[in-house]
Amino acid sequence: MTAVTKDPYSGLQLIELSHEWGHGVPSYPGQADVKMFRGVKHAQHGVLAWKINTVMHTGTHMNAPLHLVQRAKDLAAIAPDRLFGNGVVLGIAKASYGVITARDLESATPSVQEGDVVVIVTGWHHKYSDGLEYYGESPGLSRDAADWLVAKKCRMVAVDTPQVDHPLATSLAGHRGGPTMNRLVGAYKKATGLDPQKEHPHWNIAHKTILQADIPTIEQVGGDVDLLIGKRATFVATPWKFVHGDACPVRLVAMTDPDGTYRIPDGK
């Protein structure tokens with residue numbers, strides 16, 4: 001598969017930033033797998049139609065503010081201008097249990113501009129799998145990183161990790177109904193020597209901070225995002241217009257113009 005697709009009319013280069021979605025994709029610990037079967041088959045009727053039972057937080061997916069904020073906007077209420085715009089892909093490499101801080105964001109290049117789409121790449125998309133390491137040891141944003149992104153009035157925030165927050169700040173560990181990964185707290189203490197209650201005392205604090213600011217988020221960015229690390233691009237995301245929807249699988253695509261000559265026509 002070609003990593004970069006060139007539009008023959010405009011010359012724009014299109015780069016896929018989504019993982020493939022379907023039967024067998026990784027699902028969060030404690031949540032059911034995607035279930036798919038063919039309701040109608042070519043051999044029977046000459047038509048293919050799938051029936052699907054899924055949690056919406058699988059694969060590359062968008063979260064509406066409603067996901068963590070009562071009476072906030074659902075997917076259907078997200079304005080289209082939030083789904084299309086210029087932004088940056090920041091390379092912020094992190095090892096197991098790493099924390100993405102405001103200082104990391106401030107020092108990353110190119111600089112984030114007010115109103116940007118911000119895609120944060122830790123390298124964790126290379127570990128995408130139904131694995132203990134992928135879900136339990138992933139990096140996550142600190143509260144001050146979330147505050148920094150809100151202050152920049154970001155249009156949208158996307159990460160290549162399973163969740164915006166550090167896993168020790170989620171129900172995967174000891175917060176709200178957890179742990180859904182029984183081994184996680186002990187493994188964290190053994191690997192880091194740190195107290196998770198001291199280091200990550202608040203439940204989903206980074207994600208909630210961003211969503212409270214009316215900024216949609218995308219988790220589990222993948223595809224060919226490595227091609228854009230340290231670069232600016234234009235992004236488009238295509239979520240469902242889902243009334244009362246907190247999340248859904250999403251296609252995220254970046255566009256670049258190597259010649260610097262393309263402008264969107266006025267449609268006349």
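Author: Here's a walk through one serine and then some salt bridges.

Before we start, this is a predicted model, where local features need pLDDT of at least 70, side-chain atom pairs count only at pLDDT 80 or more, and totals for chains, interfaces and linings use all residues. Residues are numbered from 1 along each chain as its sequence is written, and side-chain values use heavy atoms, with hydrogens and water left out.

Let's go to S138. You'll find S138 in the loop between α3 (132–136) and β9 (140–141); helices (H or I, at least four residues) and strands (E, at least two) are DSSP runs, numbered from the N terminus. S138 has a relative accessible area of 0%, so it counts as buried (buried is under 20% relative accessible area, exposed over 50%, partly exposed in between, with a 1.4 Å probe and protein chains only).

Who sits around S138? Skip the neighbours within four places in sequence, and S138 is in contact with Y97, G98, W124, E133, P162, Q163, H166 and P167 (contact means heavy atoms within 4.5 Å). With Q163 there's also a polar contact, side chain to side chain, at 2.9 Å. That term covers a pair of N or O atoms within 3.5 Å; within protein, one must be able to donate a hydrogen and the other to accept it, and residues adjacent in sequence count only if both atoms are side-chain atoms.

Now pick up E133 from that contact list. The side chain of E133 meets that of K127 in a salt bridge, 3.1 Å from N to O (a side-chain nitrogen of Lys or Arg within 4 Å of a carboxyl oxygen of Asp or Glu). Relative accessibility is 31% for K127, so it is partly exposed, and E133 is partly exposed too, at 35%.

How many salt bridges are there by this rule? The count is six. Another of them joins K73 and D214, with the closest N and O atoms 3.0 Å apart. This pair links distant parts of the chain, 141 residues apart: K73 is in the loop between β5 (61–63) and β6 (84–91), and D214 in the loop between α7 (205–212) and β11 (217–219). K73 is partly exposed at 37%, and D214 is partly exposed at 26%.

One more: D104 and K94 form a salt bridge at 2.9 Å, N to O. D104 lies in helix α2 (residues 102–107) and K94 in the loop between β6 and β7 (99–100), so the pair ties together parts ten residues apart in sequence. D104 is buried at 19%, while K94 is partly exposed at 22%.
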